[in-house]
Amino acid sequence: MNVRLLVLGGLLAAGAATAGPIHAYGGTNDLARISVTVVYFLPRDRPPVPDWRDRIGFAMRRVAAFHEREFSGLSVLDARMPGEPLVSELTADKVREGDATAMFERMAAEARHRLGWPGARDGSFPVLLLFSDQNHRELDDFTRTRIEDGVPVHEGHVGPDGRHHPGAKSGGSRARMDPRSGGGIALVTADGWRVPYEGSDCVAYHEGLGHTLGLPHPEPADRSVMSTAQYHMPIHRSWINADQKQGMGWAPAAAPPPSNTLFGAFHARHEPAEPRTGEPVRLDLSWPEGARVARITTATQTALFGPWHEAVLRPPEGTPPAFVALGAFSGATPVSWRIRVELADGRREELWGYFQAADPASRSFWYDYRFEPAGKRIWRAAGPDLWTELDPTGRLKVFRIAARDSDVGGARGTLATELPGRHMEVFIPDRGARPGHLLFRLTGEKDWKALGEIHDFPR
Ligand SMILES: [Zn+2]
């Protein structure tokens, strides 16, 4: 099989660190060099993601740069990836049979057998790292949607400011040390890498490397990579706790080793966190002191199998810009973005992110109606003045908006009356309002009654 070395970059100036050797956490395995066999695991009934090499390469560069920084260059990665996906003999449904651990062991056994892993040993610590195309349960990872009881529901972690981070119940990433090879085996499922969010690189390290080296979850939980970093930040802003590293033979250096990369020194973040349709989106950038910029390439994508729309910028005099524009999106859509920067001194860095451009006028939701005809009732904004309700029998009711920005019981929302008789009035709380219940009252009544809890459709 054609195997390529993933170029991970010369990361730290050698010789700056003290102490060593680094060994597995709770073990004696030498970690001076970690040989990672990186595999794109593809069920035989699925098409490969067109730019899977870019996506896995990005995840691996982040993992390697973080690891070398955290261990002061005393433990380094040598990652190799076959030039083609490992096409499984099984379909996605067969791969994911049973629980997520059964899926993991099935994939590990097939990859190990097909690749002859770990092969000839050279004293390094072997890791078999699978990036799978599937999740344990079916999930559209670009829109972050799965179907539950016939309706689309959002699945994924969204922070309090509206930013998306990795974390899906349907995933199934896991890892373990492997006594047979004296190394480790890891799986990063599709939700952890196919569409990079802020924190996806933390998942790639946590599951793809950390647990294979024996690293446990710190107690109490914190924001380090072996804990909850994935929900808060990209990996260059996180860390491995010093007591865990000291348990692996690492000692803090008098001074941090000088870095010759942009890892941790360059940062990009989209603003606003939750853009609306038509609203300009930008990437706010931070640079190392004295940076001279040769080239900035930004790109956006609105479908996983769709094209990237690329823009190249050469700042006059190499002056680092405080932000770059990503443009505005006329329709509601998920957006992946990517930025590649190159400094005049040759240093490069790449970051990826994701957001959803939302159209406030195209909102839809459902609630469960308990009386006949019982079942899910689907509400949609229909033009500037109307809402419709579809019941399970196919009957459509139409409501005209009477007032926006109303306040009922402390929630903000919209008042609408049923056409044509206007005998019933409903209150639709705004997206995100609490309590999130659809309310109604008959004409002339004062008090509101709840029809049911609102479940917004994914945007
Ligand atoms: Zn874990």
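Strands here are DSSP runs of E, at least two residues long, and helices are runs of H or I of at least four, numbered from the N terminus. Two strands count as paired if DSSP finds at least two bridges between them. I noted that Arg282 stands opposite Ala325 in strand 16.

The model is predicted: local features need pLDDT of at least 70, side-chain atom pairs count only at pLDDT 80 or more, and totals for chains, interfaces and linings use all residues. Residues are numbered from 1 along each chain as its sequence is written.

Then I looked up the domains. The assignment, from an automatic or database source, gives domain 1 (3-246), domain 2 (267-357) and domain 3 (360-456). The C-alpha centres of domain 1 and domain 2 lie 25 Å apart. I found 14 residues of domain 1 in contact with 12 residues of domain 2; contact means C-beta atoms, placed from the backbone, within 7 Å.

Last, I took the whole protein. I counted 5 helices and 27 strands. Its C-alpha atoms fill a box of roughly 80 × 55 × 40 Å, taken along the principal axes. Among contacts between residues at least 6 apart in sequence, 61% join residues at least 24 apart.

Definitions and conventions:
Two residues are in contact if their C-beta atoms, placed from the backbone, lie within 7 Å.
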